[in-house]
Amino acid sequence: MNEISDEELYRRYCKGDTQAFELVYERYCQSLYLFLLRSCNTRADAEDLYQEVWSRIIATPKPDKRLLDSPTMPNHKTVKYNRPIDRK
C-alpha cells in the first residue's frame, strides 16, 4: 500500500478533511514530542511547545488552491524546528 504524502494530506486537510489531519497527527505526534524533549530545557517547556505547534497547525488559515499547488507550500516541519529556538 502506498503511503499518502504529507503534501497530499495537507491539501486534503485544507479542503476540510479531518481524517487527513488525524493521519498527520499520528504520523508526527511521537517524533515531534521526542524532538521537543531533546530541544527544551524542561519537560514542561516541551509539553507547552508540543501544544503550541499543533495549535498553530490547526489555526493556520486554509490557503487557496494556488498556494496548495505551489512548490513553496508551507511545511509544518519548520514550525517544529523553529519554535524551540525561538523560546531559548
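At what angle do helix α1 and helix α2 pack, and how far apart are their axes?

**Entry 1: ground rules.** I am working with a predicted model, where local features need pLDDT of at least 70, side-chain atom pairs count only at pLDDT 80 or more, and totals for chains, interfaces and linings use all residues. Residues are numbered from 1 along each chain as its sequence is written, and side-chain values use heavy atoms, with hydrogens and water left out.

**Entry 2: the overall layout.** I found 5 helices and 0 strands in the protein chain (DSSP runs numbered from the N terminus, helices being H or I of at least four residues and strands E of at least two). Along the sequence the pattern reads α-α-α-α-α. Of the 88 residues, 31% count as buried (under 20% relative accessible area with a 1.4 Å probe, protein chains only).

**Entry 3: α1 against α2.** Back to my opening question: α1 (residues 6–14) and α2 (residues 18–39) pack at about 140°, with axes 8 Å apart. Axes here are lines fitted to C-alpha atoms over the stretch in contact, and angles run from 0 to 180 degrees between N-to-C directions. That angle makes α1 oblique to α2 (under 35 degrees is roughly parallel, over 145 roughly antiparallel, 65 to 115 roughly perpendicular, and the rest oblique). I then looked up who meets whom: D6, L9, R12 and Y13 in α1 meet A20, F21, L23, V24, R27 and Y28 in α2 (contact means heavy atoms within 4.5 Å). These residues divide into 7 nonpolar, no polar and 3 charged (Ala, Val, Leu, Ile, Met, Phe, Trp, Tyr, Cys and Pro are nonpolar, Asp, Glu, Lys and Arg charged, and the others, Gly among them, polar).

**Entry 4: α2 against α3.** The axes of this pair come within 10 Å and cross at roughly 150°. That makes α2 roughly antiparallel to α3. From α2 the contact includes F21, V24, Y28 and L36, and from α3 it includes R43, Y50, W54 and I57. By class I get 16 nonpolar, no polar and 2 charged residues.

**Entry 5: the core.** Which residues have the most contacts inside the largest nonpolar core? They are F21, V24, L32, L36, Y50, W54 and I57, in a core of 16 residues (buried Ala, Val, Leu, Ile, Met, Phe, Trp, Tyr and Cys joined through side-chain atoms within 4.5 Å). The elements giving two or more residues are α1, α2 and α3 (43–59), and α2 gives the most, with 7 residues. I checked W54 too: leaving out residues up to four places away in sequence, W54 touches F21, V24, Y25, Y28, C29 and L32.

Note on methods. Buried < 20%, exposed > 50% of the residue type's maximum accessible area, 1.4 Å probe, protein only.
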